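Please walk me through this model. Where should the eye go, and in what order?

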Amino acid sequence: MNTQSQITFDMAGLANAVERLPADAVDALPFGSVRLDPQGLVTFYSAAEAKLSGYGARPALGRSFFAEMAPCMDTSMFRGRIERAMAAGKYDMEFGWIGDFSDRLRQLQVRVQPASDGGCWIFIRRD
Amino acid sequence: MIRLIGITADVTAPRQAEAALRENEAQLRFALDLAEIGIWQMDAVSGAMTWSDIQYQLFGIDPDTVSATPGGPSRNGFEALVDPEDREILHDRIEEALRSGRSFKLDFRINHPPDGHVRWLALRCGVQRDSEGVPERLIGVSWDITGRKMAEVILRDSNSGLEARVAERTHALTHASRELSAEIRRREEAQAALVQSQDLQALNLVVDGMSHEFNNILATIQSSYNLLRRRITVADQTAVIDLAEPAVTRATKLIQHLQAMARHGPAQPLLADLATALADSADLMRHTLGSRGRCRFDVEVGLWPAILDPIRLTALLVTLAVNMRDTMPDGAELEVAACNRASDGGPSSGEWIVISVKDTASADGMSNTGAPENVLTPKARQSGIGLCLTAAHSFTGQAGGRLFVRSAPEVGTSIEIHLPRAVMTGPVNEPRKDPELAALSGGATILLVDDDENFRLLTAHLLRDLGYSVIEAPNTEVAIPLAHIAEQLDLVVSDIRMPGEGGPTLWRRLRLDRPALPILFISGSENAAMADGEQVLRKPFSGTQLAEAVLERLGRLTNSAIPAQTSVPVFDKLRDSLRNPRLRSVYDYWRSRRDPSGNLPDYSLFRIDGTNMIDNSFIVEVIGGRHTVGFRFVQIGQILEQRLGRSLVGELVDDVGDELGSAGASYRRCLETASPSYEYAHYSLADETPLLFERLLLPLSDDGIRVTHLLGIVIFTDLPDVTGQWS
C-alpha cells in the first residue's frame, strides 16, 4: 500500500493509489483531488483543492472538456473513443495550461483517471 | 337437224364492273397497306381465314410458314396468337358476332414473336351475311395502337404519380405551415424576451455607469476619513469618524451589489456565512421592492455555511423578488425562507441548505423532492422570470446545487435553491497591522495619475503620509513629460479609464524609458481585468489596502496577493514548457517579431507562412466590439482540416463556455491577456495509441497594440504506450 509520501501527481496508477488513502491523507497531498460520481456530481473535494482553488465549489472545467479542447478534437469519432474508454474505465488523460491566467506565472495541470465506482478522479496541480 | 342456239350476251358491262371492282379492291388494299392496316376474313362455319400481308406483319409472322400449313391461317391459330389475358374476350366477341351478326370493336394484346414484347392491336370487325341473312363470314381490320396505349399508361402513371406527389407536397406544406406557426410563436416569445433583455441591458449600463461614479465619490469620502484619522488625535473627534466610516463601508457594499447585478464579472466564491449574506439581501430587497411588495424573511438559526459568491446570491434573490412581485396577485406577500435540510436516501440525499422564494399564495404548493418543473405560466414568461431562471440555474450550478421551480396560474411562482453544505472550514487571513505596513513604507517616488482631482489629491496625501514622494498628474499627456524629467521613479499608480489615453497606454509608453517600472492600476469598474495579468486595486479602497498594494508592487512584501510585475520570466517559463522543438521555434520567431517596446507582431508577417508550419496552423480573426467578442476562422492548415474532415474557414467559434478546456475560452484568454498561451492534452484511451495534442496560441495585431488575430499552432503526436497499463 502506498503511503502518502510515495504518491506523486505523475505516477501511473494515481487514482488507484489515492483511493486507498484515508481522507485526511488525501487532504494533505500537494495537489488537489476531486471525485465525481458517474453522474458528474462532486462526491469528494479535498481540502488541498479547496485551499488552492480559493474555495471554488468545483474545478472550473467544462463538462466535456476532454473533447472541447479544440475544434479538431471535437469530432463524433473522437468523442466516441472517449466515451468508449470511459465506459470501459480505461483511460488516463492529462491536460495542461500555461500562460493564460490572470496570474500568468501559474501553470495548471489536470489529470483524469477512472474511479472504482464508475465515476472519475480529477487531480489538479498548480505551480 | 341440229341447231345451234346461241345466246350472246353483252358482258362488257359486267366485265367492266368486275375490273372496276378489282381495281377498287386493289386501291383499297393499297390504301390499307399504306396505313399499315391488316385485313382478314373468316369463314363463319369452318373458321378458315385469309390474311393480308400487313395482317401477317402485325402479328410478326412470316406469311409463307403459315400459308404452308394445311388450311392456312385459322380462327384457332388467330386466337392462339392473342395474349392469354385478352384471348377469352376476343373469342366471346367473335362468337357473339357470329350469333347476332353485329359488328364489334376490340383493343387486344398480342405477344409479338420476334422480340416477345406485348403489342396492342385495335380490331374492327364486320359480319357478312348470306342471302338469307345468316352470318356467312367475318371481315376484320386491325392496326397497331401500342404507341397510343403506352402513352396512355404513361399518362395514367404520371397522373397517379402526380396525385401522390401533390398529396405528399400538401402534407409537407401542412406540416411546414404548422412549423411556421410554431416558429412565429417562438420568435414572438424570443422577441419579447429580447426586448426585455435589451431593457435590462440598458438598465445595466446605467447602473454600471452610476456605480462607477458612486465609487469615485465614495473613494474620495473614504480617503478623506483616512486622512482625517491620521491627522486627528482628539478622542471625541475620532469618534465621529468611527461613526462615519462604517457608513462608507456599507455604501460601498451596496454599490458592489449593484455592480454584481449589472454585469457578469467572474464569480468570487468563498466560504460564506449564509445568515449574513441573507441579511444583506433582505436589506437590499426591502429597498428594491419598495412599498408595492411586502417581503418576509424566515431564516433558520444556525444555518450551515455554503461555498458561493454572496454578492451573486444577493443579486439573484433581488432580481427574482422584483420579477416575482410583478406576477403576484394583489395583497400577496413574498416570502424568503432558508433552512437546513438533511435527508438520507433518494436523489437528494446529503446535507443541503434550502433557500426558497415564493409568494404567500403558493405556500404549501411545493413538492420538495420532485423534479424541476420549468413550466412557466404565460404571465410569468412575459415577466423577466425566464431570464432570472437562467441566472439562477447558472448560480446553483456553479455552487454545486440544484434549482426547483414551480409556476402555475392561481398558485404563483415558487423557486427553491438547494445548496450543498460546505464541508470545510476556511483559513482566516490575518489582516496586516498598520504599524507593520508603515514601517515598510516610504522612501520611494510614485507617479500618481487620476483625472478625478479630489480623489487624486487625497490619495497623494495618503501616500505622502506613508513617507513616499508623490508626483501628481491628471492625465497621460501630462504624466509622460513629468515622468521623463523625474530623476527617480519607482512606481506608477494610475487609473485605468481616463479621458484621452488610458492607464495601459501610459504604462506602455513609460516602459520605453524604464522597462522595469512597476505599475499599480486602480479602477472604479468591477471587471477591469488587465492585460499581462496585472491585478487591479478597486476603488474605493482603505488606506491599509493602498499601503499594502503599493508595497507589493514595490516588491517589499513577500507573500503577496498581487504578484510583482515580471514580464520576461513569464515568457521564459512558457518557452520552457514547450517540449516540442517545432513549437519552440515558432514561439521564438513570434518573440523576435515584437518590437522593442513589446508591441505585438504584425499579423501580415504570419498570414502567409512566417512559421513554416502552415499545415499545422490556424488563424482566427477577432470580431465584434468590446462587449461582444467573437472569433472567425480565416485560415486553417491542411493537417487540421484533414483531422476534422472539413475546413473551418469562414466559420465562427461557437463555443462560448468560460471554463478551462474550452477552445473558445482559450482564445478569449489569449485575446484578453494579449500574451501567448500553451495548452496540451494527453489522451490515453483504452487500447488505442496514446495521443498528445499541443496548441500554442500567439496574439497578432494590425496596429501593434490591439489584438486583431490569433495564430494557433496545433501538433498531434502519437506516443508509444510506455505504461502498458491497459494490457
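Strand β18 (residues 617-623) of chain B pairs with β22(B) in the antiparallel sense, over five bridges. Within that pairing, B:Phe618 stands opposite B:Gly712 of β22(B). This is a predicted model, and every value below is computed from it.

Strand β22 (residues 709-718) of chain B also has another partner. That partner is β21 (residues 691-700) of chain B, and the two pair in the antiparallel sense over 10 bridges. B:Leu700 has B:His709 of β22(B) as its bridge partner. B:Leu692 stands opposite B:Thr717, again in β22(B).

Now step back to the whole sheet. These strands belong to an open sheet of 10 strands, with antiparallel pairing. Its order is β2(A)-β1(A)-β5(A)-β4(A)-β3(A)-β20(B)-β21(B)-β22(B)-β18(B)-β19(B). Read along that order and the strands pass from chain A to chain B, with β3(A) next to β20(B). The edge strands are β2 (42-45) of chain A and β19 (630-636) of chain B, each of which pairs on one side only. From one strand to the next, the twist averages 20°.

Chain B holds another set of paired strands, and here the sense is parallel. Start with β13 (residues 445-449) of chain B. Four of the five residues of β13(B) are buried, so this strand is largely enclosed by the rest of the structure. Strand β13(B) pairs with β14 (residues 469-473) of chain B in the parallel sense, over five bridges. Four bridges join β13(B) to β15 (residues 491-495) of chain B, and these two also run parallel. Look at B:Leu447. Its bridge partner in β14(B) is B:Ile471. In β15(B), the bridge partner of B:Leu447 is B:Val492.

Next come two helices of chain B. Take α5 (residues 84-100) first. At 1.5 Å a residue, its 17 residues should span 24 Å; the end C-alpha atoms of α5 of chain B are 25 Å apart, which agrees. Which residues of α5(B) are buried? They are B:Leu90, B:Ile94, B:Ala97 and B:Leu98. These four cover an arc of only 95° around the axis, which puts them on the same side of α5(B). The spacing fits a general rule. An α-helix has 3.6 residues a turn, so residues three or four places apart point the same way.

What covers that buried side? The cover of the buried residues of α5(B) includes α4 (75-81), β3 (104-111), β4 (118-129) and β5 (135-144) of chain B. On the other side of α5(B), the exposed residues are B:Glu85, B:Glu88, B:Asp92, B:Glu95, B:Glu96, B:Arg99 and B:Ser100.

B:Ser100 has 11 C-beta neighbours inside 10 Å, so it counts as exposed. In sequence, B:Ser100 and B:Val134 are 34 residues apart; in space they are 9.2 Å apart, C-alpha to C-alpha. Just after α5(B), B:Gly101 takes a positive phi of about 80°.

Helix α1 (12-34) of chain B comes next. At 1.5 Å a residue, the 23 residues of α1(B) should span 33 Å; its end C-alpha atoms are 32 Å apart, which agrees. How many residues of α1(B) are buried? The number is zero, so α1(B) lies largely in the open.

After α1(B) comes B:Glu36. This residue is found in the loop between α1 (12-34) and β1 (38-43) of chain B. Most residues other than glycine have a negative phi. Is B:Glu36 buried or exposed? With 12 C-beta neighbours inside 10 Å, B:Glu36 counts as exposed.

Finish with chain B as a whole. Chain B has 21 helices and 22 strands. Of its 727 residues, 32% count as buried. Among the contacts in chain B with a separation of 6 or more, 62% are between residues 24 or more positions apart.

Technical notes. Residues are numbered from 1 along each chain as its sequence is written. Chains are lettered from A and ligands numbered from 1 in the order in which they are written. This is a predicted model: local features need pLDDT of at least 70, side-chain atom pairs count only at pLDDT 80 or more; totals for chains, interfaces and linings use all residues. The expected span of a helix is 1.5 Å times one less than its number of residues. A residue is buried if 20 or more other C-beta atoms lie within 10 Å of its own, exposed if 12 or fewer, and partly exposed in between; C-beta atoms are placed from the backbone. The arc is that of the directions from the helix axis to the C-beta atoms. Two residues are in contact if their C-beta atoms, placed from the backbone, lie within 7 Å. Two strands pair if DSSP finds at least two bridges between them. Axes are lines fitted to C-alpha atoms, for helices over the stretch in contact, and angles run from 0 to 180 degrees between N-to-C directions.
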